[in-house]
Amino acid sequence: MTMAGAKLIVLAAFDKDDEGNLVPAFDPRQVDTEERAKREARLMADSHAGVVAWSRDADPGLGEYGPPVVLFQAGDVPEMD
């Protein structure tokens with residue numbers, strides 16, 4: 001699978017509901033650069049039960065996506081598919 005050089009970079013945070021289940025703190029955000037994603041994730045880490053920044057090679061035109069690569073993770077986050 002050949003990628004066109006595009007990269008999908010995502011930041012997500014999670015909180016716990018009244019039963020202790022992880023719930024998204026907000027819709028996952030697409031971020032411009034890996035460095036920005038890591039910086040923002042570090043800043044959010046103390047405010048949420050869990051935070052993760054990840055990237056994957058992407059060719060949205062063909063619908064091809066590489067495996068996710070975790071850039072930063074802290075706290076409780078769900079398993080990534």
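What percentage of the 81 residues in the protein chain is made up of buried residues? The share is 32%, where buried denotes under 20% relative accessible area, exposed over 50% and partly exposed in between, with a 1.4 Å probe and protein chains only.

A word on the source. This is a predicted model, in which local features need pLDDT of at least 70 and side-chain atom pairs count only at pLDDT 80 or more, while totals for chains, interfaces and linings use all residues. Residues are numbered from 1 along each chain as its sequence is written, and side-chain values use heavy atoms, with hydrogens and water left out.

Let me turn to the fold. The protein chain contains six strands and one helix, arranged along the sequence as β-β-β-α-β-β-β. These are DSSP runs numbered from the N terminus: helices are H or I with at least four residues, strands E with at least two. The C-alpha trace spans about 45 × 25 × 15 Å along its principal axes. Of the contacts between residues at least 6 apart in sequence, 54% join residues at least 24 apart; contact here means heavy atoms within 4.5 Å.

The largest nonpolar core has 11 residues, including Ile9, Leu11, Phe26, Met44 and Phe72. Two or more of its residues come from each of β1 (6-16), α1 (34-44) and β4 (50-59). By nonpolar core I mean a set of buried Ala, Val, Leu, Ile, Met, Phe, Trp, Tyr and Cys residues joined through side-chain atoms within 4.5 Å. Apart from this core lies another, of eight residues, with Leu8, Ala12, Trp54 and Val77 among them.

Which residues of α1 are buried? They are Ala37, Lys38, Glu40, Ala41 and Met44. Their cover includes β1, β4, β3 (29-30) and β6 (69-75). Ala37, also a member of the largest core, touches Ile9, Leu11, Val31, Ala53 and Leu71, if residues up to four places away in sequence are not counted.

Finally, consider Glu40, which sits in helix α1. Its side chain and that of Arg36 are joined by a polar contact of 2.6 Å, that is, a pair of N or O atoms within 3.5 Å; within protein, one must be able to donate a hydrogen and the other to accept it, and residues adjacent in sequence count only if both atoms are side-chain atoms. Beyond its neighbours within four places in sequence, Glu40 is in contact with Leu11 and Arg29.
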